[in-house]
Amino acid sequence: MKFKTAIKPYEAAAGGWGSLEATTRFVFDSKQVLKNMRNLMRMNKAKGFDCPGCAWGDDNKSTFSFCENGAKAVTWEATRRFIDARFFAQYSVSALYQQSDYFLEYQGRLTEPLRYNRETDHYEHISWDDAFALIAKHIHAMDNPDQMELYTSGRASNEASWLYQLFGRLHGSNNFPDCSNMCHEASGTGLKRSIGVGKGTIRLDDFDHADAIFVFGQNPGTNHPRMLHSLRHAADHGAKIVTFNTLRERGLERFADPQKPLEVVTSKAGSISSTYYQPNLGGDMAAIRGMVKALNETHKALIATGAKGLFDDVFINAKTEGMEEYLAVVESTEWTQIEKQSGLTEQQLREAAAIYQSADRVICTWAMGITQHKHSVDTVREIVNLQLLFGQLGKKGAGLCPVRGHSNVQGNRTMGIDEKPSQAFLDSMAKHFDFEPPRDAGHNTVEALEAMLRGEVKVLIALGGNLAAAAPDSPRTQEAIRRCGLTVQISTKLNRSHLCPGAEDALILPTLGRTEQDIQATGPQFITVEDSFSMVHASEGVGKPLADTQRSETWIVASIAQAVLGSEKVDWQALAGDYNLIRDHIAATIPGFDDFNAKCDIKGGFYLGNAAAEFRFNTLHNKAQFSPARLPDSLFPQLDGVEVPFTLQTLRSHDQYNTTIYGLDDRYRGVYGQREVLFIHPDDLAAQGLSAGDNVDIETLWNDGITRRVSGFKLVPYNIPRGNLAAYYPETNPLVPLSSFGDDSGTPTSKSVPVKISLSVVKDALRIA
């Protein structure tokens, strides 16, 4: 496939006509135009299906409750193109491995179960019964339950996730690596330590009541576009939106609402950020520390004059612990360190502090620009520190808002997809099912991959996702997967993970998508998901599946469990035939889900609640905890004494969701028809003796003797701080060391990779010739 390539700055606002044009193009490319038009009208609506894209909430006010990237996700899933055993007879696994990730998924939907034939290097048809028997054979041959890894994508439903964790724990393991380990683990860890709850404290309509919204480390225009509606609405009503983001992103500058005809056909657009700061990668903690330092100075000066200080003393004294120790650390932090690490000036941070000080109600929201660094847990807790000083919890228009990725990544964790489950959760499962679950912590994603590399994993089952492309250190990750005895991929489309078959056996099991009808023994079924605001929604597919050999994730998980464990403890086949029974079990074992089935009829979903928002802090002394962490001395303490010329972050393009590549354009950043590009400050180009359009190699600086290099990346001048670089993943995932992960989170440091660059001799020689 050939694409027209260009680097051309995008002058229009985010959204608007460009968004409508892209949506229309993807609808037509699906070859299911009328079907997908109907699908889009039913997305995020009662008796419809929940968006299979991001986890942003629904306001249930709009006629069209979808964004451009949600439309891409739907049309990408609901396509007429499909592949079966005939396709795999034509293409060997080795040949497919040489293709791009875009090519692989563009081939269409998987429609029948497949088994890898190592002798021929091709996948071949296998019956569902034989597939389940093969899985059971491998699991029964294991020496102990921890030789199995149960990976989960954030797109899996509550029902499938709950069954999956029950199966794993009944078998004896807490090995539940998942996509949250690679993305937002620092949010959950940091929030639990500070406020006792690993979720955000606000609801969607809090954006309508905020006086200021501080946005840290996220690009909603590409990653969760529906958030732009909330930000635009808040800005139109006078809220100050203060953005801290390393790259200048169009979606955080101007937004034209595609649902407003005047803004589609004219240049009319609304501003998003009132103030925009560009910190160094990993510099957000220092930036927030600078704001607190400035606010604390004002607070102390007011008290010295006999006036009331800035901080909410009533809230602090009644609801928190540790403020004095924290402020002592703040006062000891020098402005020179803050400026150097943040990349922002003292004047800029005092300006941001003044905006914060002038607002009565403040929301702080963040995403993976915060969570994928070595010190991410401390950064999350620094955001909480700021909010605690001003009592910005538990009131309308104020609070903490981590923005999750996949549409049910938060629900997966609520359902028990957690390698470190709480004892209360395990006690509940033990009582309800009369068994003793494993109590030791299992493997997170990095730990699972390391165990695979050591040859300790006999069975890997992946409930969705694309681990081979999503995880760091791609060559080592793929080798790790290949060292498993059996790999089982439960998937809608072909992806890189299918091309890393296990050492003994490999299966691909085709599953239904979110958009499709799920008919079981008792009739049509629906599933549920939880968004970033702890709202649980019912979701019911509306389209007919492409093939009668596709099965739902819930049915597949239940069938695996039946084949492995039998029905002594659980009637898996009954649960597969009636999801209401699953929800009855969830109601009996997980707090907040009382009358679960009845609550599913509530239009717009039901709210699980948040204890911290009600000032109930599940901490040692039942109070919110200030964190007195000091700023890190370095982003890369392992490289003491090594000069690091550049810090790289991996990110998504606009035609992408996680590892799914919808197309090769990133129009908001002005990149068309290509993905191997490297964003760099123009002055860094000159300093390196390079020019725009040159091809370079990027090499990681690390201390384990492993060479990590990608080649032939085109240099693109961009508005990014000097010394910082950005490039797309999964293409640059080979640069992220598996051993580089966040303290206390285990999350790969994909937003702070120490690298150097050099001219690509081979590609540039070809270009000159």
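Modeller: Quick term before we start: a nonpolar core here is a set of buried Ala, Val, Leu, Ile, Met, Phe, Trp, Tyr and Cys residues joined through side-chain atoms within 4.5 Å. And keep in mind that this is a predicted model.

Colleague: Okay, which residues touch the most other members of the largest nonpolar core?

Modeller: That core has 59 residues. Apart from it lies another core, of 53 residues, with I316, V330, L344 and L400 among them. Back in the largest one, the residues touching the most other members are I135, W162, I461 and L509.

Colleague: What is W162 in contact with, leaving aside its neighbours within four places in sequence?

Modeller: Contact means heavy atoms within 4.5 Å. With those sequence neighbours set aside, W162 has these partners: M415, M429, F433, I582, H585, I586, T589 and I590.

Colleague: Over to helix α16, then. Why do its buried residues line one face?

Modeller: Residues 335-342 make up α16, and the buried ones are W335, I338, Q341 and S342. Looking down the helix axis, they line one face because they fall within an arc of 140°.

Colleague: And which exposed residues does the face turned away from that buried side carry?

Modeller: On the buried side, the cover includes α13 (284-304) and α17 (346-358). The face turned away from it carries T336 and K340.

Technical notes:
Residues are numbered from 1 along each chain as its sequence is written. This is a predicted model: local features need pLDDT of at least 70, side-chain atom pairs count only at pLDDT 80 or more; totals for chains, interfaces and linings use all residues. Side-chain values use heavy atoms; hydrogens and water are left out. Buried means under 20% relative accessible area, exposed over 50%, partly exposed in between (1.4 Å probe, protein chains only). Helices (H or I, at least four residues) and strands (E, at least two) are DSSP runs, numbered from the N terminus. The arc is that of the directions from the helix axis to the C-beta atoms.
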